[in-house]
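Subject: Structure for your review

Dear colleague,

Please find below the structure that I am handing over to you. My findings follow directly after it.

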Amino acid sequence: SSPATCTQALMLLFHLAVGSETQNRNNHNKNKASGANDKVSKARQHRFYRALYSTLGGGSGGTTSLVSSGKHLTLYFNLLYKAMKYDKDQVRVIALAKRLLCSTLNCGSAPVLAGSIFLV
């Protein structure tokens, strides 16, 4: 699939997994979520972040990365920013930042490298 399509799919997953959790946090006074809903929400978030991490690619592992030159980069960096901002797991945020920097160093594009350093 094309990088733009993959970015759009990740944005949809973000809104379903992380966006619904932020709305639940804002409306916690109106109705309390049960323990089962919390487990489902955490599983969705974990699935989203695993997919996002895999799209960054490793560079050395032979996997392709979405971080390359293209029109989708604005949306992709916006998605990365939101995902890192709303994630409560600091270890996962650091892992995303490291993987982003590694993949952009292998990319070779100066604007992409500058954008990723600014993001981190």
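Phe14 and Phe48 are both buried in this predicted model. Their rings form a tilted aromatic pair, with 5.6 Å from centre to centre and 55° between the planes. Because Phe14 belongs to helix 1 and Phe48 to helix 2 (residues 35-56), this pair ties together parts that are 34 residues apart in sequence. Phe48 also pairs with Tyr49, here edge-to-face, at 5.0 Å centre to centre and with 65° between the planes. Tyr49, like Phe48, is buried. A search of the whole structure gives three aromatic pairs, and one aromatic cluster is formed by Phe14, Phe48, Tyr49 and Tyr86.

As to the overall architecture, the protein chain contains five helices and zero strands, in the order α-α-α-α-α along the sequence. Of its 120 residues, 32% count as buried. Among contacts between residues at least 6 apart in sequence, 71% join residues at least 24 apart.

I turn next to the helix packing. In general, two packed helices are described by the angle between their axes and the distance between the axes.

The axes of helix 2 and helix 3 come within 12 Å and cross at roughly 135°. The two helices, helix 2 and helix 3, are therefore oblique to each other, and their crossing is left-handed. On the helix 2 side, the contact involves Phe48, Tyr49, Leu52, Thr55 and Leu56; these meet Tyr76, Leu79, Leu80, Ala83 and Tyr86 of helix 3. By residue class, this contact of helix 2 with helix 3 comprises nine nonpolar residues, one polar and no charged.

For helix 2 and helix 4 (residues 90-107), the axes come within 9 Å, with a crossing angle of roughly 20°. That angle makes helix 2 roughly parallel to helix 4. The crossing of helix 2 and helix 4 is left-handed. Helix 2 contributes His46, Tyr49, Leu52, Tyr53 and Leu56 to the contact, while helix 4 contributes Arg92, Ala95, Leu96, Arg99, Leu100 and Ser103. The residues in this contact of helix 2 with helix 4 divide into seven nonpolar, two polar and two charged.

Two individual residues also deserve a note.

Leu80 is located in helix 3 (residues 73-86). Why does Leu80 count as buried? Its relative accessibility is 1%, so Leu80 falls in the buried class. Apart from neighbours within four places in sequence, Leu80 is in contact with Leu52, Leu56, Leu100 and Leu119. The C-alpha atoms of Leu80 and Leu10 are separated by 9.9 Å, and these two residues are 70 residues apart along the chain.

Thr7 is placed in helix 1 (residues 3-26). Thr7 counts as buried because its relative accessibility is 0%. Not counting residues up to four places away in sequence, Thr7 touches Leu66, His72, Leu75, Tyr76 and Leu79. Of these, Tyr76 and Leu79 also take part in the contact of helix 3 with helix 2.

Yours sincerely

Conventions
Residues numbered from 1 in each chain as written. Predicted model: local features only at pLDDT ≥ 70, side-chain atom pairs only at ≥ 80, totals over all residues. Heavy atoms only, no water. Helix = DSSP H or I, 4+ residues; strand = E, 2+ residues; numbered from the N terminus. Buried < 20%, exposed > 50% of the residue type's maximum accessible area, 1.4 Å probe, protein only. Contact = heavy atoms within 4.5 Å. Phe/Tyr/Trp six-rings, centres within 6.5 Å; stacked < 30°, edge-to-face > 60°. Axes fitted to C-alpha atoms, helices over the stretch in contact; angles between N-to-C directions. Parallel < 35°, antiparallel > 145°, perpendicular 65-115°, else oblique. Left-handed = near helix turned anticlockwise from the far one by under 90°. Nonpolar A, V, L, I, M, F, W, Y, C, P; charged D, E, K, R; others polar.
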